[in-house]
Protein chains: 2
Amino acid sequence: MTSSPNPTAAIIVIGDEILSGRTKDKNIGWLAEQLGAQGIQLCEARVIADKKQVIIDTVQTLSKAYDLVFTSGGIGPTHDDITTDAVAAAFGVPVIRHPEAERRLILHYANTDLEFNAARQKMADIPDNAALIDNPLSAAPGYIIGNVHVLPGVPTILQAMFEGLKPRLPGGIVMTRITVQCSTGEGNIATILSDVEASHDGVSVGSYPWMKPGNFGTAVVVSGLDAEITTAAAKAVEAGVRAFGAAANIVNADGTLQD
Amino acid sequence: MTSSPNPTAAIIVIGDEILSGRTKDKNIGWLAEQLGAQGIQLCEARVIADKKQVIIDTVQTLSKAYDLVFTSGGIGPTHDDITTDAVAAAFGVPVIRHPEAERRLILHYANTDLEFNAARQKMADIPDNAALIDNPLSAAPGYIIGNVHVLPGVPTILQAMFEGLKPRLPGGIVMTRITVQCSTGEGNIATILSDVEASHDGVSVGSYPWMKPGNFGTAVVVSGLDAEITTAAAKAVEAGVRAFGAAANIVNADGTLQD
């Protein structure tokens, strides 16, 4: 997608409940942060319906386009959980009853008063030749097939599973990202920002206006893979905005002034 | 996409800041609710990067696939706001300085101590033959070109602009959506749910497990365009789960019991 040396990624959220507005997605934002911290470049995220052909098409398209794909949702015990069937079809492999997944689920349900019935056994059905992703909370595993990482939709479970998955993901150069808080509207400093971006190789400069009662300004986010050039660009923004006559300060992630 | 008589829609969120995890998207969930309340079927949402060719390709693909497309983000005064150029290119039209948009912006900035400089004038540049969408908060309009509705990324402004846009959108049959709260795991009632779905034409039955300290259960969401069949299906879920031996109650949207 770019000339960046970092692995690229896409997220697929599978869920009618997100598209209906009933449930608000929390996985895209959380995974975006995690991938960024790992030096993986998230290029795209899609929310799609619980429809088999839609899932197949989306998985095929995005697994070809990017180095890594993460899906969330639709791997539970009920009839509307069709992700596994669709992902297997996308890779042209059958779904098998996975002995290790089954063993973990039997163990898990033996410790509850819940029956390990046919519906729950379905959670041991995994595409052939997929590698399991551990689920420390509710046993039912996710899995990796090709470059696709299949995770559940419930945020707490997805997050716990992703922690275990991290060491298996390729690393990249973590993007340096510096915020310059400016006490002026973005329209006043647009030329400064585009000039800084043009004169600093590989640096991108984003601007995000904000408004609070009695106060407004612009958060300028300077980012790039080269820490030195990115820092120089952030300082150039700071100097340029001050020369224009507004306050400008490089701040920490929590918004406090840097030393 | 389906045999539903309702208009279909897609959302495109344009924003590197969402993909980096710096900003959490709030527009997909909000628009999803609004479209549902209007009887418009949201089929897909995509978050994409601030890259011109990516925006062009995505706008072209989704405007062909669905009746309505809504974009958010990238129509401000700075160099990273490239949505308008890309949308115009997607429709093969030039960008023009729109006289009415310019008039509104001049009026708006005359009431501030901000200069209506070249960067801010850029917000009056609109694809040729697009219709303006009023912006009651900060004047800079959105616009409609073909079936694509271009809105800003800032949630408060997007929301205020969408309110004014509503009467111009086609209506559809509002989906009837009934929640049955069940005091048991979804794995116990999977067969009941798939049977109810199979025996009620046009009804879909989703199940969403939840867990609180000391308590767990499943929210079963029964939805369909025919209110009568959907209500019958929800009652069948309630009866089926009770026959299984668990509590089940049709609840209001806020989770309280229905009369």
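Two strands are taken to pair if DSSP finds at least two bridges between them. Strands (E, at least two residues) and helices (H or I, at least four) are DSSP runs, numbered from the N terminus. The model is predicted: local features need pLDDT of at least 70, side-chain atom pairs count only at pLDDT 80 or more, and totals for chains, interfaces and linings use all residues. Side-chain values use heavy atoms, with hydrogens and water left out.

In chain B, strand S10 (residues 204-212) and strand S11 (residues 215-224) pair in the antiparallel sense over nine bridges. S10(B) and S11(B) form a hairpin with two residues between them. In the turn, B:Gly214 has a positive phi of about 80°. B:Trp210 stands opposite B:Gly217 in S11(B).

The same surface serves both copies, as 98% of the contact residues of chain A recur in chain B.

The contact (heavy atoms within 4.5 Å) takes 50 residues from chain A and 49 residues from chain B. Between them the chains bury about 4000 Å², 57% of it on carbon and sulfur atoms. Buried area is the accessible area (1.4 Å probe) that two parts lose on being put together, summed over both. In chain A, the most area is lost to chain B by A:Leu19, A:Arg22 and A:His79, together 15% of what that side buries.

Polar contacts (N or O atoms within 3.5 Å, one able to donate a hydrogen and the other to accept it; residues adjacent in sequence count only if both atoms are side-chain atoms) link 16 residue pairs between chain A and chain B, both residues at pLDDT 80 or more. Among the elements of chain A that each supply at least two residues to the side touching chain B are helix H2 (27-37) and strand S2 (41-48). S2(A) gives the most, with seven residues.

S2(A) and strand S2 (residues 41-48) of chain B pair in the antiparallel sense over five bridges. The bridge partner of A:Arg46 in S2(B) is B:Arg46. Two salt bridges (a side-chain nitrogen of Lys or Arg within 4 Å of a carboxyl oxygen of Asp or Glu) cross the interface. A:Glu33 forms a salt bridge with B:Lys24, the closest N and O atoms being 2.7 Å apart.

Notes: Residues numbered from 1 in each chain as written. Chains lettered and ligands numbered in written order.
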